[in-house]
Amino acid sequence: MFDDGKSSTMPSPSSTQGNHQPNSSINTPSSSGATNLTSVSSGSSFSNLVFRRIPAERTIPLRHLVLWPSISIEFQLVPSYDLSQDTIHTGAFLPSTPHIEQDPIGILTLAIQPYSNPSSLPVSLQDQDVHVQLHKFAVNPSCQGKSIGRQLLAYAIRLLREVYCGKRVLLHFDARANQQRFYQNCGMIILDDNTFVKYGPNGEGKGVEYVKMGNVI
Ligand SMILES: CC(C)(COP(=O)(O)OP(=O)(O)OC[C@H]1O[C@@H](n2cnc3c(N)ncnc32)[C@H](O)[C@@H]1OP(=O)(O)O)[C@@H](O)C(=O)NCCC(=O)NCCS
């Protein structure tokens, strides 16, 4: 159903503030797919990143590094949605070439999944045509706080608008409670005030507190 060849570049919001260069101290990651992500000095932001769709397995190294380090590599994918034909995996890449060989510096996954309790949603968010759940959103720790997450989420929303053109789409997700402000900065709202704890893809990770967030896009 989806075209895997699409890629897109977006200027960083910071480019209007005069900082146009990616930090050159990030090495080009290995082509083996192994995590080989080196640190960058703080303070810079990234522009002209490349955003594109990626196969599910290319999300594994960052998922493991950033989200669930206590879960072994072979359990990082959740077959029920990660391998579904309609699921979209996206990555952010440094603009250096060939970007297709690099490990992504940011990832997120979009799966068609119904919101768990639609009647509890604010009236303005009810009765949407499609429900898409955002999963496994991570930016390499060396690159966090430099607007990559914001740009990747904006790209994902644009992609969904293209794919579901003319349909009303509810984007929803379980947000790590400590990232609530990040998502609010990106236009998302809390869908349910109750928080809950999850223990990783196979239920054995360290507990993390979540809150349900999202919005119509
Ligand atoms: C959450 C994450 C994806 C955000 O990506 P990022 O590239 O670090 O975020 P950005 O630099 O694009 O931040 C965008 C905005 O949110 C703000 N922000 C980012 N993280 C924040 C946080 N934890 N609390 C408050 N504000 C935050 C930034 O200051 C920025 O605001 P501004 O544009 O007004 O300056 C990334 O930090 C990450 O991978 N965190 C660890 C894994 C994780 O928690 N993933 C989410 C699972 S639900």
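Student: Which helices and strands each supply at least two residues of the shell around the ligand?

Tutor: First, this is a predicted model: local features need pLDDT of at least 70, side-chain atom pairs count only at pLDDT 80 or more, and totals for chains, interfaces and linings use all residues. Residues are numbered from 1 along each chain as its sequence is written. Helices (H or I, at least four residues) and strands (E, at least two) are DSSP runs, numbered from the N terminus. Those that each supply at least two shell residues are helix H1 (60-67), strand S5 (130-139), helix H3 (148-163), strand S6 (169-176) and helix H4 (180-185).

Student: How many residues surround the ligand, and which are the closest?

Tutor: A residue counts as near a molecule if its C-beta atom, placed from the backbone, lies within 6 Å of it. The ligand has 19 residues around it, and the closest are Gln144, Gly149, Arg150, Arg181 and Phe182.

Student: Is Leu62 buried or exposed?

Tutor: Leu62 sits in helix H1. A residue is buried if 20 or more other C-beta atoms lie within 10 Å of its own, exposed if 12 or fewer, and partly exposed in between. Leu62 has 25 C-beta neighbours inside 10 Å, so Leu62 counts as buried.

Student: Leaving aside neighbours within four places in sequence, which residues is Leu62 in contact with?

Tutor: Contact means that two C-beta atoms, placed from the backbone, lie within 7 Å. What covers the buried residues of H1 includes S4 and S5. With neighbours within four places set aside, Leu62 is in contact with Pro104, Ile107, Ala138 and Asn140.

Student: Which residues touch the most other members of the largest nonpolar core?

Tutor: Nonpolar side chains tend to be buried together in soluble globular proteins. A nonpolar core is a set of buried Ala, Val, Leu, Ile, Met, Phe, Trp, Tyr and Cys residues joined through C-beta atoms within 7 Å. The largest one here holds 37 residues, and those touching the most other members are Leu49, Ala92, Ile105, Leu108, Ile148, Leu152 and Met213.

Student: How far apart are the end C-alpha atoms of H3?

Tutor: The expected span of a helix is 1.5 Å times one less than its number of residues. H3 has 16 residues, so H3 should span 22 Å. The model agrees: its end C-alpha atoms are apart by 22 Å.

Student: What percentage of the residues of the protein count as buried?

Tutor: The protein has 4 helices and 8 strands. Of its 217 residues, the share that counts as buried is 33%.
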